[in-house]
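Dear colleague,

I am handing over the structure that follows, together with a written account of what was found in it. Please read the account with the model open beside it.

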Amino acid sequence: MTVQQGLLLLILAGTLAAFISERWRYDVIALSSLMLCVVTGLIAPGVAFDGLSSPAVLTVIGVLLMAQAVTVSGYIDRAARQLSRHLKRDSSVLAALCLTGAALSAVMNNVGALAIMMPIALGICRRRRMAPGLVLMPLSFATLLGGMVTAIGTPPNLIISQLRERWMGAPFGFFDFTRLGLPIALAGIAWLVLVGYRVIPAGNRKRRGDDGEEAEAAIEEAPGDFLIELVVEPDGLLEGMSLAAAEADLGIRLHTVVRGSVRLFGRRQNLQLAANDIIVVEASLPVIEGLVARDGVSVRGAMPADGRLVAAVITPSSIAVGSNLHSLDLEARWGVEVVAAARAERRVEGRLADAAFGIGDVLLFSGPSDAIATALSDLSCLPVAGRELPMRGRRSPLPLFVFAAAILISAFGWLPAQVSFIGAALLLGISGTISRRDVLSNINWSIVIMLAALIPVGQALESTGTARLLAHGLASLAAPGGPLLLLALTLLITLVLTPLLNNAATVLLVAPIVAEAATGAGYSPDTFLMAVAISASTDFLTPIGHHNNALIMGPGGYRFGDYWRPGLPLTLIVCALVLWLAPLFWPF
């Protein structure tokens, strides 16, 4: 091992540890890794930012822009709602949602497909009185499966295609991924619809009460338990009651008690509530509403008399990620307030306004409908419950036709994918379908920057010989079992690293090593590169690996341990199909 190889392995180990810790943003970690490689001489300064011109990065930008334009057009939304009205059985509705989500994900990024489908799914759940937890996890998994089907379905596919072009002179074709991805997607969706949804914990599958009325207010529709600040009223229900008694009698959980400006600590049995105490309570919104109606407490904040409340989930591109209510200053900027928040299984310390938000948290917005619509658009938050908000932009079929044309141009190889999709976005910009504001605000720049920063780091694996060094170790380990064992190890390594890093980062780090190992052993790299792409999208065991799984956690009312129940069998199905089909399509 040379000094350069040792330095690069040390940097990569630190990068891996930083990703696992989740203390910093992905893009910050990736840029730090890139800068360390430049400072130590592993990457030449002149090529440090070549990743920004990478075809994979440019294609991601183009697809994100097109996905936004298609979403604003509203046609997919209307088509999905019309389809749901003609389906009678819950299993048929679930199948239709999963197939539609997978189809969308095949031609746009996974998060964009879920962003289109989740409000539709939740609306269908309300009308049919189905539990959101019954639908959202299969839908999220279906969008991940759909991303495996085409070259543009997910960043790992784009990266693998670009890496093959660099190593072998030609990229994978647009539909090369379909041969392996389509059977896997169909088999996976069949599992989810026929069996998978049945193993979701029973608490997430309970039907809503069948009272013959559709709830209209977000306070009745919003899923999960919310945090909300209440004020103990004089001579009210809670005055003089101990924390333990309040929790036991009222079915709530008390996190914080503030008296004056002092936060109180003590044994819950001994600490008694007094008039004008501010308490942070966690409970379902109907329970909180019932508590407030008993004249014992009041909501601290603006609860509008006309019921204009909207629950919205924080997406990966939202500026609310890592922020709190103080830093967002919602009332001054948009004239709205957040009166409650549902956090994805993170411990609550202090006041609601001090809590840092994360991906998948659900916020309950209060204010005028137009102001809430503007705030949600600016914050990149996705409405999941509440009154229907006006959509920005005008409805036009043009984005659908332009997107379809860009896909065909790329699929037939008439133009490179990055040119066709950036050109399509430019055409929509000239026509006014995409505004300049949308171009800047609706791109997940964190993913773009991370990709651009890690591409040179991945190239450093090759230029320093580190990929060859690690590949020799991997090939030696797999030698007794031949190519099938090497393929199985490729799947295992990628599956383990993806939840810890990120699917794109995993591909950039694993693909050079696996390709070198396959070439050194005399096998075709294609089989193993396809396995890396597929397994990087096989992230069904936790809510932390892929943003889609985090997005549904709050709206679906899921817990961390709920994902593996339907996800583990699905993962085994995907791996079995890769081991069987990949060598048939791309012989060793």
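By about how much of the helix are Asp176 and Arg179 separated in helix H9? They are separated by about one helical turn, because the two residues are 3 apart within helix H9 (residues 176-194), where helices (H or I, at least four residues) and strands (E, at least two) are DSSP runs, numbered from the N terminus.

Before the rest, a note on conventions. This is a predicted model, in which local features need pLDDT of at least 70 and side-chain atom pairs count only at pLDDT 80 or more, while totals for chains, interfaces and linings use all residues. Residues are numbered from 1 along each chain as its sequence is written, and side-chain values use heavy atoms, with hydrogens and water left out.

Salt bridges

Side chains of opposite charge can pair when their charged atoms come close. With a salt bridge taken as a side-chain nitrogen of Lys or Arg within 4 Å of a carboxyl oxygen of Asp or Glu, a search of the whole structure finds 3 salt bridges. Asp526 pairs with Arg164, their closest N and O atoms being 2.8 Å apart; because Asp526 lies in helix H23 and Arg164 in helix H8 (residues 155-168), this bridge ties together parts that are 362 residues apart in sequence. Both Asp526 and Arg164 are buried, in a scheme where buried means under 20% relative accessible area, exposed over 50%, and partly exposed in between (1.4 Å probe, protein chains only). Arg164 also lies over the face of Phe172, at 4.9 Å from the ring centre, the criterion being NZ of Lys or CZ of Arg within 6 Å of the ring centre and within 35 degrees of the ring normal.

The pair from the opening question, Asp176 and Arg179, forms a salt bridge whose closest N and O atoms are 3.9 Å apart. Asp176 is partly exposed at 24% relative accessible area, and Arg179 is likewise counted as partly exposed, at 36%.

The side chains of Arg259 and Asp277 also meet in a salt bridge, at 2.8 Å from N to O. Arg259 lies in strand E2 (residues 253-259) and Asp277 in the loop between strand E3 (262-263) and strand E4 (278-284), so the pair ties together parts that are 18 residues apart in sequence. Arg259 is partly exposed, with a relative accessible area of 34%, whereas Asp277 is buried at 1%.

Backbone angles

Most residues other than glycine have a negative phi, and most peptide bonds are trans. Asn276, although it is not a glycine, has a positive phi of about 75°; this residue is placed in the loop between E3 and E4 and is exposed, with a relative accessible area of 54%. Asp329, also a residue other than glycine, has a positive phi near 50°, and its place is in the loop between helix H13 (325-328) and helix H14 (330-334), where it counts as partly exposed at 38% relative accessibility.

Aromatic rings and cysteines

The structure holds 9 aromatic pairs, with rings of Phe, Tyr and Trp (its six-membered ring) paired if their centres lie within 6.5 Å, and planes under 30 degrees apart counted as stacked, over 60 as edge-to-face and the rest as tilted. One of them is the tilted pair of Phe528 and Phe588, at 5.7 Å centre to centre and with 35° between the planes. Phe528 lies in helix H23 (residues 525-536) and Phe588 in the segment after helix H26 (564-585), so this pair ties together parts that are 60 residues apart in sequence. Phe528 is buried at 0% relative accessible area, whereas Phe588 is partly exposed at 30%. Ring pairs link Tyr523, Phe528 and Phe588 into a cluster.

With a disulfide taken as a pair of cysteine sulfur atoms within 2.5 Å, the count comes to 0 disulfides. Among the cysteines, Cys98 is buried at 0% relative accessible area, and Cys381 is buried at 7%.

Ser21 is partly exposed, with a relative accessible area of 34%.

With regards
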